[in-house]
Amino acid sequence: MRHTNELNHFKFSPATWIIPTFFLVVIWFVFYIDNSLNLDLNNHGILPRTFSGLQGVIFSPFLHGDLSHIANNSLPLFILTTALIYFYREVSLKVLVYGILFSGIITWIIGRESYHIGASGLIYVLVSFIFFKGMMTQYYRLMALSLAVVVLYGGMIWYIFPDVDHNISWEGHLAGLLTGFVFAVRFKTPDYIKDIQYHWEKPDFNPEEDAFMKHFDENGNFVDTPHPEESLEVLEQEIQHNNIDYVYVFKEATDNSKQ
């Protein structure tokens, strides 16, 4: 696994907010067109174990039943997509595209005979991937992100069970959770290392040679060190006690004009 410094990797770029914003614009535009023209696009959702229902694997994340449905999905989708691109930008496109496909296919396989629509399956992919990947990296910033996801969206775990709410697609939620976990295991990310900002963070730092650390003994107690004047006197005394020999070497000039 290759290493990378965190400051070189975690950088805010236009894609960090453009992609989540574009996603929201698309689903709200589809919702507006569907309700304005009475197109009944929900019939293009996932209909399990039918050939025509496979189209929903692609279309279902952009379809929502009512205003409450799309409103509840919009904020988590924006926040989680932004976090994914900022912290995992190298694999973010794979997680988004493959997350829609694989969670949709699993829903098509295990789902009830009803139309399954909404972006909640993708939201569960993002929650699952960000949480499990952060814990697997053992890197403090990503682990903190995982804990934040648990605090904000930990309650979503109950909606992967059949008997909690019969009006929601618990199959899509479960499919998203499983897909995100598999992605967290399979998709490799760099081994992040913290940038060195201070000299004592360097691997070759020797506290015995550090001027500041010399003010403390082995027990951590402060000890006074000689002042520069005292150190200079000690150095002069050492020079006086040492015999210094000077050697002169005569070199004959080779140019006759300089003799």
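Trainee: Where is serine 60 found?

Mentor: Serine 60 sits in the loop between helix H3 (56-59) and H4. Keep in mind that this is a predicted model.

Trainee: Why is serine 60 counted as buried?

Mentor: Buried means under 20% relative accessible area. Serine 60 has 6% relative accessibility, so serine 60 counts as buried. Apart from neighbours within four places in sequence, serine 60 is in contact with Gly45, Ile46, His116, Ile117, Gly118 and Ala119.

Trainee: What does the side chain of serine 60 reach?

Mentor: That side chain reaches the backbone oxygen of glycine 56 at 2.6 Å. The cut-off for a polar contact is 3.5 Å, and the distance here is 2.6 Å.

Trainee: How many salt bridges does a search of the whole structure find?

Mentor: The search finds 1 salt bridge.

Trainee: What makes arginine 112 and glutamate 171 a salt bridge?

Mentor: A salt bridge needs a side-chain nitrogen of Lys or Arg within 4 Å of a carboxyl oxygen of Asp or Glu. In the pair of arginine 112 and glutamate 171, the closest N and O atoms are 2.7 Å apart, so the pair forms a salt bridge. The pair links distant parts of the chain, with arginine 112 in the loop between H5 and H6 and glutamate 171 in helix H8, 59 residues apart.

Trainee: Are arginine 112 and glutamate 171 buried, partly exposed or exposed, and why?

Mentor: Arginine 112 has a relative accessible area of 32%. Glutamate 171 has a relative accessible area of 0%, so glutamate 171 is buried.

Trainee: Which residues have the most contacts inside the largest nonpolar core?

Mentor: They are Leu77, Val95 and Phe129, in a core of 37 residues. Helix H2 (14-37), helix H4 (67-87), helix H5 (89-110), helix H6 (120-137), helix H7 (140-153) and helix H8 (170-186) each supply at least two residues of this core. H6 gives the most, with 8 residues. Setting aside neighbours within four places in sequence, valine 95 is in contact with Leu84, Val125, Leu126, Phe129, Phe183 and Phe187.

Trainee: Why does isoleucine 130 count as buried?

Mentor: Isoleucine 130 has 0% relative accessibility, so isoleucine 130 counts as buried. Isoleucine 130 lies in helix H6. Leaving out neighbours within four places in sequence, its contacts are Leu80, Ala83, Leu84, Tyr88, Leu145, Ser146 and Val149. The C-alpha atoms of isoleucine 130 and alanine 184 are separated by 7.6 Å, although the two residues are 54 residues apart along the chain.

Trainee: Why is threonine 179 called buried?

Mentor: Threonine 179 has 4% relative accessibility and therefore counts as buried. Threonine 179 is in helix H8. Not counting residues up to four places away in sequence, threonine 179 touches Gly99, Phe102, Ser103, Ile106 and Val125.

Trainee: Which residues form a nonpolar patch on the surface?

Mentor: Ile157, Trp158, Tyr159, Phe161 and Val164 form the patch, with about 500 Å² of accessible area together.

Trainee: What makes valine 164 partly exposed?

Mentor: Valine 164 has a relative accessible area of 42%. That value lies between 20% and 50%, so valine 164 is partly exposed. Valine 164 is in the loop between H7 and H8.

Trainee: Why is asparagine 38 called exposed?

Mentor: Exposed means over 50%. Asparagine 38 has 68% relative accessibility, so asparagine 38 counts as exposed. Asparagine 38 lies in the loop between H2 and H3.

Trainee: What is the phi of asparagine 38?

Mentor: Asparagine 38 has a positive phi of about 55 degrees although it is not a glycine. Most residues other than glycine have a negative phi. Arginine 49 also lies in the loop between H2 and H3, and its phi is near 60 degrees, a positive value in a residue other than glycine. With a relative accessible area of 42%, arginine 49 is partly exposed.

Trainee: How many helices and strands are there in the protein chain?

Mentor: There are 9 helices and 2 strands. Buried residues make up 36% of the 259 residues in the protein chain.

Definitions and conventions:
Residues numbered from 1 in each chain as written. Predicted model: local features only at pLDDT ≥ 70, side-chain atom pairs only at ≥ 80, totals over all residues. Heavy atoms only, no water. Core = buried A, V, L, I, M, F, W, Y, C linked by side-chain atoms within 4.5 Å. Buried < 20%, exposed > 50% of the residue type's maximum accessible area, 1.4 Å probe, protein only. Helix = DSSP H or I, 4+ residues; strand = E, 2+ residues; numbered from the N terminus. Contact = heavy atoms within 4.5 Å. Patch = residues over 30% accessible without salt bridge, like charges linked within 9 Å, V, L, I, M, F, W, Y side chains within 5 Å. Areas by Shrake-Rupley, 256 points an atom, 1.4 Å probe, with all protein chains shown as cover. Polar contact = N/O pair within 3.5 Å; in protein donor to acceptor, adjacent residues only side chain to side chain.
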